[in-house]
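Reader: I would like to walk through this structure with you, one question at a time. Could you start with a term we will need along the way?

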Amino acid sequence: MNELNFEPFFLSFRLAATVTFILFLIALPLGWWLSQTKNRFKPMIEAVVSLPIVLPPSVLGFYILYALSYNSPFGSFMNEYFGIKMVFNFTGLVIASCFYSFPFMVQPLQGGFESLNKNMLEASYIAGKGKIKTLLHVALPNIKPALLTALIITFAHTVGEFGVVLMVGGSIPGETKVASVAIYEYVEVMDYKSAHIYSAIMVALSFLVLLGVYMFNQHQNRRLRVI
Amino acid sequence: MIKIDIDKKLHGSNGEMALQVNLEIKQGDFVALSGQSGSGKTTLLRILAGLEKASGEINVFGTAWLDGKKKLPPQERGIGFVFQDYALFANMTVMQNLLYVQKDETLANHLLELTQLSELKNRYPNTLSGGQQQRVSLCRALMKRPKILLMDEPLSALDPDMRTKLQHDILTLHKEFGTTTIMVSHDPSEIYRLASRVLVLEQGKITQDGTTKEVLLHTRGSQKFTFSGELLEIIKADVIYIAVVAIGQQIVEVVVDSHEVKNFTIGQKVQVSTKAFSPSLS
């Protein structure tokens with residue numbers, strides 16, 4: 001057995017942090033819009049957003065791999081004009097993970113916004129405040145549990161993904177070999193001891209993160225509860 | 001002068017219904033809006049606030065708020081709105097709730113003093129009682145020194161004692177600021193105490209419009225007093241009949257002649273009135 005190498009974990013967390021940050025910026029306006037709109041295309045958009053939950057990661061991975069590769073118009077365009085390669089590197093992982101984890105960011109935010117008292121938002125409009133100010137000063141601070149759930153679940157889900165990452169990224173040490181892929185490889189070469197250690201670390205970290213979320217939510221719900 | 005002439009289709013509990021309202025309100029007036037639930041009161045208020053679409057015309061002191069289908073957004077109307085469920089910003093303290101509307105600490109402190117809330121200004125809404133929350137909501141609505149104050153059943157979630165206190169506060173604030181006010185209310189005593197004019201809305205149309213006395217006092221001619229109630233039961237007792245009538249929260253018995261009995265059906269609305277001593281049903 002080789003010396004234990006923690007690089008796959010750092011890579012997993014770097015990937016998860018990047019994806020969470022990017023998705024928050026995209027999902028915040030989208031979740032807010034979905035919660036407020038009566039647009040007739042809303043179910044269509046919701047269905048597209050939720051697709052990654054249902055699709056096998058291999059299907060998602062296959063399409064993303066194709067779309068990002070030199071064989072697709074988009075992939076060749078990005079490569080020719082910007083010199084950006086998007087498969088089998090970290091950039092590709094980030095893009096693929098963004099698709100994969102998108103619903104886990106959008107859904108809690110949208111649900112949180114939908115559960116808000118509409119009168120409270122209207123009170124803000126009547127006070128002369130626009131949609132963006134209302135979103136940032138009234139809506140967002142009042143859905144803290146949902147916000148935290150969205151951030152943590154997106155982060156955790158990205159750390160935990162395997163299929164899409166393997167298909168789009170492969171297993172290049174230091175570039176695309178994240179923790180889940182590393183464990184898979186240890187099992188494949190029958191290095192069960194390393195696989196055990198890596199897996200135990202994943203279980204412990206995931207548990208602690210989720211425990212933290214639920215404790216925070218219980219505390220928040222108590223604080224924000226209306227008498 | 002506020003001119004309202006609007007038209008909107010509503011999908012109420014009794015099927016489709018047209019809300020058609022045409023009226024004028026004088027500056028500084030306190031108008032009570034009454035009527036059964038589903039008659040369109042809240043919708044009318046929300047149209048005035050710009051929260052709901054309608055077609056027609058709303059002109060407030062020379063500014064067009066609604067012109068055909070073009071509506072001024074709620075942000076630009078300069079109104080105050082008091083919701084039945086208070087709708088305070090849960091993430092802000094009492095003071096922050098007021099200052100969010102308008103950064104005017106002098107006015108905020110003045111309003112909190114008038115409503116005896118000064119001591120609670122650093123508390124969060126969920127630590128306050130319903131009555132206190134509604135007072136905060138009232139203060140918040142006045143922070144913009146609004147042209148119109150709209151109140152949607154502001155006191156209906158409170159107990160009778162708290163209602164009386166809040167009615168006093170509303171009156172104090174109305175005298176102090178002279179804000180033109182429209183309040184949805186079902187409580188005749190509340191309307192009598194606060195409003196100078198009453199509008200009764202039925203099925204989307206205004207059916208009564210007058211001073212509080214004209215609309216609320218039901219005595220006619222030589223009648224000394226009249227109560228509206230619902231006929232619950234008619235009991236035969238020897239040669240006479242006793243009608244049991246619910247008047248508000250009270251249940252009363254009234255003697256009815258045997259030849260009058262057939263004119264009544266259980267569940268109908270009746271008037272209980274008295275001339276000199278003998279109560280009669282009509």
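Author: Happy to. A residue counts as buried if 20 or more other C-beta atoms lie within 10 Å of its own, and as exposed if 12 or fewer do. Please keep in mind that this is a predicted model.

Reader: Thanks! Which exposed residues sit on the face of α3(B) turned away from its buried side?

Author: Let us begin with the buried side. Helix α3 of chain B covers residues 105-114, and its buried residues are B:A108, B:L111 and B:L112. These cover an arc of only 95° around the axis, so they lie on the same side of α3(B). The face turned away from that side carries the exposed residues B:T106 and B:E113.

Reader: What do the buried residues of α3(B) pack against?

Author: The buried set of this helix consists of B:A108, B:L111 and B:L112. Their packing partners are two helices of chain B, namely α2 and α4 (130-142).

Reader: Which residue just after α3(B) takes a positive phi?

Author: The helix itself spans residues 105-114 of chain B. Just after α3(B) comes a residue with a positive phi of about 55°, and that residue is B:Q116.

Reader: Let us look at the strands of chain B. Which residue in the turn between β4(B) and β5(B) has a positive phi?

Author: Strand β4 (residues 55-60) and strand β5 (residues 63-68) of chain B pair in the antiparallel sense over 5 bridges. Across this pairing, B:G56 has B:G68 as its bridge partner, and B:E57 stands opposite B:D67. The two strands form a hairpin with 2 residues between them, and the turn residue with a positive phi, of about 45°, is B:F61.

Reader: What is the bridge partner of B:D67 in β6(B)?

Author: β5(B) is also joined to strand β6 (residues 70-71) of chain B, by 2 bridges, and these strands run antiparallel. β5(B) and β6(B) form a hairpin with 1 residue between them. In β6(B), the bridge partner of B:D67 is B:K70.

Reader: How many residues of chain A are in contact with chain B?

Author: On the chain B side, 16 residues take part, and they meet 19 residues of chain A. β7 (79-82) and α2 (94-101) of chain B each supply at least two residues of the side that touches chain A. That side of chain B divides into 11 nonpolar, 3 polar and 2 charged residues. For chain A, the number you asked for is 19.

Reader: How many helices does chain A have?

Author: Read along the sequence, chain A follows the pattern α-α-α-α-α-α-α-α-α-α-α. Its C-alpha trace spans about 65 × 45 × 30 Å along the principal axes, and 36% of its 227 residues are buried. The secondary structure has 0 strands, and the number of helices is 11.

Reader: What span does α8 of chain A reach from its first C-alpha to its last?

Author: This helix runs over residues 144-160 and has 17 residues. Among its buried residues are A:A146, A:I153, A:F155 and A:V159.

Reader: Finally, how far apart are the centres of the two domains of chain B?

Author: Chain B has 8 helices and 16 strands, and its C-alpha atoms fill a box of roughly 75 × 45 × 35 Å along the principal axes. The domain assignment gives domain 1 (2-216) and domain 2 (225-281). Taken over C-alpha atoms, the separation of the two centres is 38 Å.

Methods:
Residues numbered from 1 in each chain as written. Chains lettered and ligands numbered in written order. Predicted model: local features only at pLDDT ≥ 70, side-chain atom pairs only at ≥ 80, totals over all residues. Domains from an automatic or database assignment. Contact = placed C-beta atoms within 7 Å. Helix = DSSP H or I, 4+ residues; strand = E, 2+ residues; numbered from the N terminus. Nonpolar A, V, L, I, M, F, W, Y, C, P; charged D, E, K, R; others polar. Pairing = 2+ DSSP bridges. Expected span 1.5 Å × (residues − 1). Arc of directions from axis to C-beta.
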